[in-house]
2 protein chains.
Amino acid sequence: MKKDDTPTSGSTQRVTSHDVSREAGVSQSAVSRAFTPGAHISPETRRRVLDAARKLGYQPNAIARSLVTQRSGIVALIVGDLHNPFYPQALSQFAQALEARGKRALLLTHDARRDVQDTLDAASRYQIEAAIVFPTRLNNTPPNLGDVARGGVPVLLFNRHLPGQRLLSVACDNHAGGQLAAEVLLETGARRLAFIGGDPETSTHQDRLHGFMARLQQAGLAPVAAPSGAFQYDWGVQATLDLYAEGDGPDAIFGANDIVAIGVLDALRQLGRRVPQDVSVIGFDDIQESARLAYRLTTIRQPLGAMIEDALLALEDPQPSDEPRLHQGELIWRDTVRGAR
Amino acid sequence: MKKDDTPTSGSTQRVTSHDVSREAGVSQSAVSRAFTPGAHISPETRRRVLDAARKLGYQPNAIARSLVTQRSGIVALIVGDLHNPFYPQALSQFAQALEARGKRALLLTHDARRDVQDTLDAASRYQIEAAIVFPTRLNNTPPNLGDVARGGVPVLLFNRHLPGQRLLSVACDNHAGGQLAAEVLLETGARRLAFIGGDPETSTHQDRLHGFMARLQQAGLAPVAAPSGAFQYDWGVQATLDLYAEGDGPDAIFGANDIVAIGVLDALRQLGRRVPQDVSVIGFDDIQESARLAYRLTTIRQPLGAMIEDALLALEDPQPSDEPRLHQGELIWRDTVRGAR
DNA sequence: CTGAAAGCGCTTACAG
DNA sequence: CTGAAAGCGCTTACAG
C-alpha cells in the first residue's frame, strides 16, 4: 500500500521561520526575535510566534544561525581510545558542563597513527569555538599544535602538558601527587619503594615519577626500581611479576595510575604477597574500580569536577602559557597502604 | 609590547573560498569544486586552488555547506550517565565508525530527570541526520519518541527496545542470552539458581530474566530468587549478601550484567564462599573489568562491533519496526563457572 | 571545464 | 516594537 513517493515517507519538509511567520501573521524577523533572548519584541507578538511554532513543530536552525552569528556554539572533544575509564567520565562531565553553558560537544576520535592536526582540521571545518584534547595514548602531539591556537581556535590539553609549547592546559599537579605518594609510603614505614610507570613519553608519567623521586631523595632514598611501560592493566601485572622474580622485591609500590595499580594488586595476590602487610600499594586517579571490595585501593584522586570547570573557564579568555593550570590531588585512604590512619 | 589590538590577538579573520579564489585567480565556484569529490574540474585548476588553500590555511566551512546541501553530516549520540563502562566503549566505537563514513558525532547528555524529547529537540536544531540513544538509566523514554522519527530524523535505541513503539532498535538477543546463561549453569550441575537483576523497568533486564526463566522451566526448575534493583556494583553486592543471609542460598547466580556480577563476586568473597566450587557466577556484557585476574568472570559477550555496524546500516534506510534487530551474544568461558570445558 | 548568480535559513543593522 | 533587506559562506543548476 504505502508507496515510496507518499509525502509521509521521511521527506517531510523542514519547517522554517518563514512558515512560522506565515502561520503567526508576522514578519520572519519577528519569529527570529521571538527565539532570541533579550531581543526587542512585544509579549503579544512573542506569544503568537511561539504558539505558531509549537503548532508547526518549529525548531530554529542552529546551522543557519551559526553562519550569520559566526558562533557555532560547538566545542570539539577529541579523544583517543577510551580504555582508561578516567576519560569517559571526564568526557560525559565535559559534555554536561558544556550544555549548561548552552554549548554543544562534537566528539572526535583520534588514533595514535594519525596526526592530531588532521583531527583538528576536520573539527575546524565545523567552526568550533574551542577544542579540548584528551591525551589518552597520545604521544605524538605535533609541534605545530600551537598553530591552531593562532588560527583563532583555542586548544586545551586536558591532563597533559607539552613543555615548551604555548598552549592551554589543565592538569592535576602530578609532581605534588608523586611527592604525596612517596610521603604516604615513607610515613607508613616503607623503605624499598618502587614506581611502576605508565607511558614514559607522557607528562603525567614524568611528573609523577619526578615528584616521587624528589621526595625519596629528601629521605636519602632512591627507588629500588622504576620501570615504565603503558597506562594499562596488563603492564601493571607484568611489571610486578618481574619485580619479584628475584630478590626481596619492594615493600611499597606506587602505580602511575589506578589501572596500573590494580594490575599490581592482582599480580601481588597471584604471587601470594599480602597487601598491605607485605607490601603497600598506592595509585593515582581514583577511578570507580578502585573502590571495589576486591581492591580498596588507596589512591590520589584527581579533582575532576574542578579541573573541568577550570578548563572551561580558561577557554573563555584563552591565555596560552608554558605552565599548565594545576589542581591538587586528594589522598583517598583505603586499604592498600599499611597503618592507614 | 604586544598590545591587545594587534591583528595577531585571536581576531584572525577566517579565510573563505573567496580569499582562496582571489589568491588562485579563479572563480569562487572553482574553489568549491576543488573541494567537492567528483566535481567537474580540470586537474590544473584543482592544483592551483589546493595550493592557494594550503598557503592561506583554508578549510571549507562545513556549516555553510550544510546549510545549502541540507545534509549536516551530524549524528547525535545521546548518553545518560556513563557509569556502566559498556557504554563509553560503544560511544567511542560509534564515533569512529561515523568518522569512517564521513559523519560527525554530536555528543549530548541526557539526565533522567528530563525528557529525552527535550534533548532530541536540542539536537534537531543542529539538523542532525539521525540520533542514537544509549539508554543508561533511561527508564522514562516518553511515548512520543516516535514523533521525532516522523519529523524526518530517525531515532535508534541502542541496546534497549520499547515494546509497542515503531522505532529503530538494535540490541543483543537478551532472551537467548538469558537462556544460554541458564543452560551453562544447568549443564555444569547447578540446581539452586538465582538471577540478580538490574533496573526492572528496562528491556535488557526483562528479556534476560525471561530467557533465564524459560530455560529453567524446561528443566522443571524455578529460580530460587530473582531480585531486581539497578545495573550497579553496590546493588550486586547487597543483593548477594541478602541472598545468603539465611538458608543455603543459591549454588549459581546469573548477574544481569557484568557490573552486577562483579558485585556478586566481591560479596561472595567477603562471605567466604568459593567461586566456582561453592557457587558459579555468570555475567553479561564482557566489559574489560571482567577479565581482571581478581575476577575472571565467565560471561556472555555482546558483539559490540557488529551491533554498531548494524545500527549504522539500519540508519541508512530506516524501517522502524516493533522488533529490535537482534544480535547473538557469545559465551566467554573464564573461571567463575565450575567444570568449565 | 568555467563563472555569474540564486538561494539555503537565519540575524541584525536600518528605517519607520 | 516591527518589517524589508542585506549578508553569513557555501553548492549547484544554468549558460557559455
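What rotation superposes chain A on chain B, and with how much shift along its axis? I looked this up before anything else.

**Ground rules.** I am working with a predicted model, where local features need pLDDT of at least 70, side-chain atom pairs count only at pLDDT 80 or more, and totals for chains, interfaces and linings use all residues. Residues are numbered from 1 along each chain as its sequence is written, chains are lettered from A and ligands numbered from 1 in the order written, and side-chain values use heavy atoms, without hydrogens and water.

**Entry: the two chains.** I found a rotation of 180° with 0.0 Å of shift, and the RMSD is 0.1 Å. The superposition is by least squares on C-alpha atoms of residues with pLDDT of at least 70 in both copies. That is the relation of a two-fold axis. In chain A, the C-alpha of A:Leu106 is nearest the axis, 2.2 Å from it. I then checked the contact residues (contact means heavy atoms within 4.5 Å). Of those in chain A, 100% recur in chain B, so the same surface serves both copies.

**Entry: the sheet.** I traced an open sheet of twelve strands with mixed pairing. Strands are DSSP runs of E with at least two residues, helices are runs of H or I with at least four, and both are numbered from the N terminus. Two strands pair if DSSP finds at least two bridges between them. The order is E10(A)-E5(A)-E4(A)-E3(A)-E1(A)-E2(A)-E2(B)-E1(B)-E3(B)-E4(B)-E5(B)-E10(B). Which strands stand at the edges? They are E10 (325–327) of chain A and E10 (325–327) of chain B; each has a single partner strand, so one side of each lacks a neighbour in the sheet. The twist averages 20° from one strand to the next.

E1 (residues 74–79) and E3 (residues 130–133) of chain A pair in the parallel sense over four bridges. A:Val75 has A:Ala130 as its bridge partner in E3(A). Helix H12 (residues 304–316) of chain A packs on the sheet and touches E3, E4, E5 and E10 of chain A. Its direction makes about 170° with that of E5(A); angles run from 0 to 180 degrees between N-to-C directions, and axes are lines fitted to C-alpha atoms, for helices over the stretch in contact.

**Entry: two helices of chain B.** H10 (residues 233–243) and H11 (residues 258–271) of chain B pack at about 45°, with their axes 7 Å apart. H10(B) and H11(B) are therefore oblique to each other (under 35 degrees is roughly parallel, over 145 roughly antiparallel, 65 to 115 roughly perpendicular, the rest oblique). B:Trp235 of H10(B) and B:Ile262 of H11(B) are among the contact residues.
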